[in-house]
Amino acid sequence: YTLGLATTELALHAPSQIASAMKTRANQLGFNVVISMIDNLSLTACRTAVNELMSQRVDGVLINVPLSNDDAGAIAQLCGNLPALFLDVDPQADVFKILFDPHCGAEQGVEHLLALGHRQIAVLTGPLESISARLRYEGWLNTLATRDITPCAVQHGDWSAASGYQQALLLLSETVRPTAILVANDQMALGVLRAVHEFGLRVPEQISVIGYDDTEDSAFFFPPLTTIKQDFRQLGYESINRLVGHLHTHGDHQQPSLLLPTSLVERHTTA
Ligand code: IPT
């Protein structure tokens, strides 16, 4: 078999680690993975990527592109009989999918900060065109609302460390200084740490920072980053297994969709 992966920007750490884990698992099973990368988040770009894979006669496709329910439906239709597994859609989306539970992850981050006594919490979301960024943001707001808390400041980044740095400078310039910042991914948290240090504030004594992903390098940030782990190896392993399982059974036995748990990894940026 040859499998196709349509993926969002591979310069980002999470999608590249997911692609790597998929390649590793596919190699173990003797399969090849061809990759088509999109460089802007649009249905058209995703269609083009999937068409490119289909013209290479792949036996199944993995789609790691953030898609709304309607857009995921449109892509599933484009694939026709070709098995398609989605990795960045709403848990409610009516397609074959494997996802980390976004509500679970958002809740774990907020509960950790609340348990430490934080009440002045600022949030830095991912780009709101991304379904996962929106679901994490929603999960944060809902969990905070259970304690009658609203974020003291909100900014939106684009998942990159540069955006984390720029948006954190804005968060830190507000009149109310947050005692903690919830960040939607580790790369942005890297930029946040630099901004906080430039403001002369100590992490975690004066301000706590929590990320999301637990990508390979996060234990080597300074200080080592507390974050919400999404186990990308497990995701790569499970997604290849399930897609291949689907091919073996010729789709007769519907492989069920899977919601993977996230976990809190406590390091040294929260107190
Ligand atoms: C998601 C990452 O959490 C985020 O850091 C960013 O890299 C994003 O991907 C890019 O689309 S993980 C995805 C499987 C929801």
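Predicted model: local features only at pLDDT ≥ 70, side-chain atom pairs only at ≥ 80, totals over all residues.
**View 1. Packing of helix 4 against helix 5.** Helix 4 spans residues 102-115 and helix 5 spans residues 131-145; their axes lie 8 Å apart and form an angle of about 50°. The two helices are therefore oblique to each other, and their crossing is right-handed. On the side of helix 4, the contact involves Pro102, Ala106, Glu107, Val110 and Glu111, which meet Leu135, Arg136, Gly139, Trp140, Thr143 and Leu144 of helix 5. Six of the residues in this contact are nonpolar, two are polar and three are charged.

**View 2. Surroundings of the ligand.** The ligand is surrounded by 14 residues, of which Ser132, Arg136, Asn185, Asp213 and Gln230 are the closest. Arg136, which also takes part in the contact between helix 4 and helix 5, places a side-chain N or O atom 3.0 Å from an oxygen atom of the ligand. For Asn185, a polar side-chain atom is found 3.0 Å from a ligand oxygen atom. For Asp213, the corresponding distance from a polar side-chain atom to an oxygen atom of the ligand is 2.5 Å.

**View 3. Packing of helix 6 against helix 7.** Helix 6 (residues 161-173) and helix 7 (residues 186-198) pack with their axes 6 Å apart, at an angle of about 45°. This angle makes helix 6 oblique to helix 7, and the crossing is right-handed. Helix 6 contributes Ala161, Ser163, Gly164, Tyr165, Ala168, Leu169 and Leu172 to the contact, while helix 7 contributes Gln187, Met188, Leu190, Gly191, Val192, Arg194, Ala195, Val196 and Glu198. The residues of this contact comprise ten nonpolar, four polar and two charged.

Note on methods: Residues numbered from 1 in each chain as written. Heavy atoms only, no water. Axes fitted to C-alpha atoms, helices over the stretch in contact; angles between N-to-C directions. Helix = DSSP H or I, 4+ residues; strand = E, 2+ residues; numbered from the N terminus. Parallel < 35°, antiparallel > 145°, perpendicular 65-115°, else oblique. Left-handed = near helix turned anticlockwise from the far one by under 90°. Contact = heavy atoms within 4.5 Å. Nonpolar A, V, L, I, M, F, W, Y, C, P; charged D, E, K, R; others polar. Near = heavy atom within 4 Å. Polar contact = N/O pair within 3.5 Å; in protein donor to acceptor, adjacent residues only side chain to side chain.
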